[in-house]
Amino acid sequence: MPELPEVETTRLGLLPKVQGGRISTVTVRDRRLRWPIPSNLAKQLSGKTVVDISRRGKYLLWDCRSDTGANAQRGYLLSHLGMSGSLRLINNGDHSHTPQIHDHLDIAFDDGTIVRYTDPRRFGAMLWIAGPQPAHALLDSLGPEPLSPDFDATYLHAVAKGRSVSVKEFIMNGRVVVGVGNIYASEALFRAGIHPRRAAGKVSIARFERLVDAIKLTLANAIKAGGSSLRNYVHASGELGYFQVNACVYDRDKLPCRVCQSPIRSIRQGQRSTYFCPRCQT
DNA sequence: CGAGAGTCCTGAAGGC
DNA sequence: TGCCTTCAGGACTCTC
């Protein structure tokens, strides 16, 4: 399941191959994603050059422009991998990749490179934003990037004030901070020694300092490692992503804590599984 | 406004 | 072996 490090790894994997490339054709095989792929997406993308791909949270924004001139047009492909999506590169001349059942969209470039979007559960998104600015309702109320300086303990403490929601659900809320998914939320809280059920508004600023550091460290390490995931993440180059073999608590129910040997516990929060060490986290 | 539940979907895993 | 149920997950959307 792609979390922010996987999305960033995908971006970094795609960029060298598609930046400056001109899109020749777009093949849509199944429009039914989180929202339907717009009927004009293929037409809008075709003929445009991908100038850049940036990331906001787990969204990728593909800056696309037509040839310069009086009729120059600009827009953005807004993509999200959902929980089972992947974008992978197929090099020119590699005919071993016939489209499979969940290969919903292909973006073909003039040089023969194909970017293929695969998403068995179809929770992902492929949308078109017309115009020179990457403005979209989905991006309007997103919180700060976790790896940016804007995301610090002072900010978190202020936003958490008076909130009764659990700190784990709090840091997974994209309006608070983007890109902290279920796996990394559990891991970061373990590193910070904070119990996932603690009310967000009752976390001291000193403990938020530890939590912010833990989130930044956890995400940065995962990006450095090339992304991590449990099951079917596929690297942009087509290689399998790293399995999360180093998780301290995630998916380790009843196994001994790597620090104190106490059995890791599994609970449900907001219809989501949470893992924590009942001794290390208070 | 915040909190909590519901929703989309497929594939894996477990029970009988 | 095979069918049925349950669960997993991102994050938007709805209800209270």
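Strand β4 (residues 74-80) pairs with β8 in the antiparallel sense over 6 bridges; strands are DSSP E runs of at least two residues, helices are H or I runs of at least four, both numbered from the N terminus, and two strands pair if DSSP finds at least two bridges between them. Within this pair, S79 stands opposite M126 in β8. The model is predicted, with local features needing pLDDT of at least 70, side-chain atom pairs counting only at pLDDT 80 or more, and totals for chains, interfaces and linings using all residues. Residues are numbered from 1 along each chain as its sequence is written, while chains are lettered from A and ligands numbered from 1 in the order in which they are written.

Both strands belong to an open sheet of 4 strands, ordered β2-β3-β4-β8, with antiparallel pairing. Its edge strands, β2 (49-56) and β8 (125-130), each pair on one side only. Helix α1 lies across β2 and β3 (59-65), running at about 165 degrees to β2. Angles run from 0 to 180 degrees between N-to-C directions, with axes fitted as lines to C-alpha atoms, for helices over the stretch in contact; two residues are in contact if their C-beta atoms, placed from the backbone, lie within 7 Å.

Another open sheet of 4 strands has the order β1-β6-β7-β5, again with antiparallel pairing. Here β1 (23-28) and β5 (86-90) stand at the edges with a single partner strand each, so one side of each lacks a neighbour in the sheet. β1 pairs with β6 (residues 103-109) in the antiparallel sense over 5 bridges, and the bridge partner of V26 in β6 is I107. Helix α1 (residues 4-18) packs on this sheet, touching β5, β6 and β7 (114-118).
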